[in-house]
Amino acid sequence: MNDNVDMNQVAQSLVQKLASAEYTASAWEAKAKQLMQDNQQLKQQLDNKKGDK
């Protein structure tokens, strides 16, 4: 019976760690998306400045 309780605790701990990792991954994905959008906007601004010359 002790082994079952221990395995349940291990499983619960792993689920919590997975949820945390998924949250972190989601945050990094959102940041990456924002940086890609910022990069595109900066490229457009640079192209516009080159066109002005």
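Colleague: What does the accessible surface of the protein come to, and how much of it belongs to carbon and sulfur atoms?

Modeller: The accessible surface comes to about 5200 Å², and carbon and sulfur atoms account for 56% of it, as computed by the Shrake-Rupley method with a 1.4 Å probe, where for residues only the protein chains shown count as cover. This is a predicted model, in which local features need pLDDT of at least 70 and side-chain atom pairs count only at pLDDT 80 or more, while totals for chains, interfaces and linings use all residues. Residues are numbered from 1 along each chain as its sequence is written, and side-chain values use heavy atoms, with hydrogens and water left out.

Colleague: Why is V10 called partly exposed?

Modeller: V10 has a relative accessible area of 41%, and buried means under 20%, exposed over 50%, and partly exposed in between, so V10 is partly exposed. K43, at 46% relative accessibility, counts as partly exposed too, and buried residues make up 0% of the 53 residues.

Colleague: Which helix holds V10?

Modeller: V10 lies in helix α1, which covers residues 2–52, and K43 is found in helix α1 as well; a helix here is a DSSP run of H or I with at least four residues, a strand a run of E with at least two, numbered from the N terminus. The protein has 1 helix and 0 strands.

Colleague: How do you know how the radius of gyration of the protein stands against that of a compact globule?

Modeller: The protein has 23 Å, whereas a compact globule of 53 residues would have a value near 10 Å, the radius being taken over C-alpha atoms and the globule rule being 2.2 Å times the number of residues to the power 0.38. The C-alpha atoms fill a box of roughly 80 × 10 × 5 Å along the principal axes.

How values were computed. Buried < 20%, exposed > 50% of the residue type's maximum accessible area, 1.4 Å probe, protein only.
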